[in-house]
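Subject: Structure handover

Hello,

Here is the structure you asked for, with its sequence. My notes on what was found in it follow below.

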Amino acid sequence: MYIRELATLIAVADQGSFLKAAKELYITPASVMNQINKLEGIVGVKLIERTNQGAKLTAAGRSIYQDAKQMIEFSNTAIEKARQFSAAEQNVIRVGTSILRPCKRLIDLWAEIDDGSQPFQIRIVPFDDDPNSLNAVMSSLGNQIDCFVGPCDSIEWQAQHNILLLDYIPCRIALPRKHHLAKKNHLVWSDLEGEIFMLIQRGDSPVLNQMRDDILKNHPNIKIKDAQNKYDASIFNECDQANCLMETLDIWTDVHPSLVTLPMEWEYKIPYGIVYAKSPSQAVQDFIAVVQKSILI
């Protein structure tokens, strides 16, 4: 409902350069420059001063910048309000899906539940797994996405959102196909001696905190390499490039074609379930109740 060039102007102003704005917007610097040129052509005045030190707004640019922020916020609010009215009228359940949090498990479960008499419509909404995108999804559950399925061992998530537990899934080990352990059918602790093992940094996951303590106490020759506190595709790339091992789950077996996933001789399991808003809509409450009843039968 607003021209994308306005968002680009805001990014350039906030970042202070075309290059940094391009990285934030996931487009090329040339595309950023073309959009700013187009916007200046539409408005008929210069909005950005290009200097050796970067880019800064002109007086006209500052005026557009303030109004553009309000326009975008108002536009997004209007769109979301319309979507909420539509979802309420149609009992649409917007299920998020991503590479690391695929919705297939829930969709398959719903196919078993719904004999055609259920009033809900499932709408699949893709999202990204990078930390910024995932944080945006978590902070706005119930707006564009009603729920998603995935590992839910996070203390923060459990405190701030509702979770319907579906299962406990075993922790596995991923490693590059070129690694000397990759030909094994399964791994035991002695296989990991002297190896570099990527593990989420201590903090939000009780299960992985316990795994870390176990390694530090009982297997000190395993070299722990801290990963960021939430997995995304970059972690799997790093595992491959560093030719090391990493903690993973069965549901991520096919995430990276250069990695193999092996079972490990341990009892660590991660809770897996449906994550949804603390104060969900009535439609979502009813949907969750139906799913919960089916898994208790």
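Helix α4 gives four residues to the lining of the largest pocket, the largest share of that lining. Please keep in mind that this is a predicted model. The pocket holds about 300 Å³ of space, and 16 residues line it. Arg83, Val125, Asn143, Gln144 and Ile145 are the ones closest to its centre. Two or more lining residues come from each of α4 (59-90), β4 (121-126) and α6 (131-139). Sorted by class, the lining of this pocket has eight nonpolar, four polar and four charged residues.

Next, the cavity. The structure has one cavity of 30 Å³ or more. The space in the largest cavity comes to about 290 Å³. Its lining is made of 20 residues, and those closest to the centre are Pro151, Ile200, Ser205, Leu208 and Lys230. At least two lining residues are supplied by α8 (206-218), and at least two by β9 (245-249). Nine residues of the cavity lining are nonpolar, six are polar and five are charged.

Then there is a pair of helices to look at. Two packed helices are described by the angle between their axes and the distance between the axes. For helix α2 (residues 18-25) and helix α3 (residues 29-43), the axes come within 8 Å and cross at roughly 105°. An angle of 65 to 115 degrees counts as roughly perpendicular, and α2 and α3 are therefore roughly perpendicular to each other. On the α2 side, the contact is made by Phe18, Leu19, Ala21 and Ala22. On the α3 side, Pro29, Val32, Met33 and Ile36 take part.

Last, the charged pairs. Side chains of opposite charge can pair when their charged atoms come close. There are eleven salt bridges in the structure. One of the salt bridges joins the side chains of Asp146 and Arg94, at 2.8 Å from N to O. Where in the chain do Asp146 and Arg94 sit? Asp146 is in the loop between α6 and β5 (147-151), while Arg94 belongs to strand β3 (residues 92-97). The two residues are 52 residues apart, and the pair links distant parts of the chain.

Regards

Notes
Residues are numbered from 1 along each chain as its sequence is written. This is a predicted model: local features need pLDDT of at least 70, side-chain atom pairs count only at pLDDT 80 or more; totals for chains, interfaces and linings use all residues. Side-chain values use heavy atoms; hydrogens and water are left out. Axes are lines fitted to C-alpha atoms, for helices over the stretch in contact, and angles run from 0 to 180 degrees between N-to-C directions. Angles under 35 degrees count as roughly parallel, over 145 as roughly antiparallel, 65 to 115 as roughly perpendicular and the rest as oblique. Contact means heavy atoms within 4.5 Å. On a 1 Å grid over the protein atoms alone, a cavity is a set of points where a 1.4 Å probe fits but cannot get out, and a pocket is an open set with protein on both sides within 12 Å along at least five of seven lines; lining residues have an atom within 4 Å of a point. Grid points are joined across faces, edges and corners, and a volume is the space filled by probe spheres set on the points. Ala, Val, Leu, Ile, Met, Phe, Trp, Tyr, Cys and Pro count as nonpolar, Asp, Glu, Lys and Arg as charged, and the others, Gly among them, as polar. A salt bridge is a side-chain nitrogen of Lys or Arg within 4 Å of a carboxyl oxygen of Asp or Glu.
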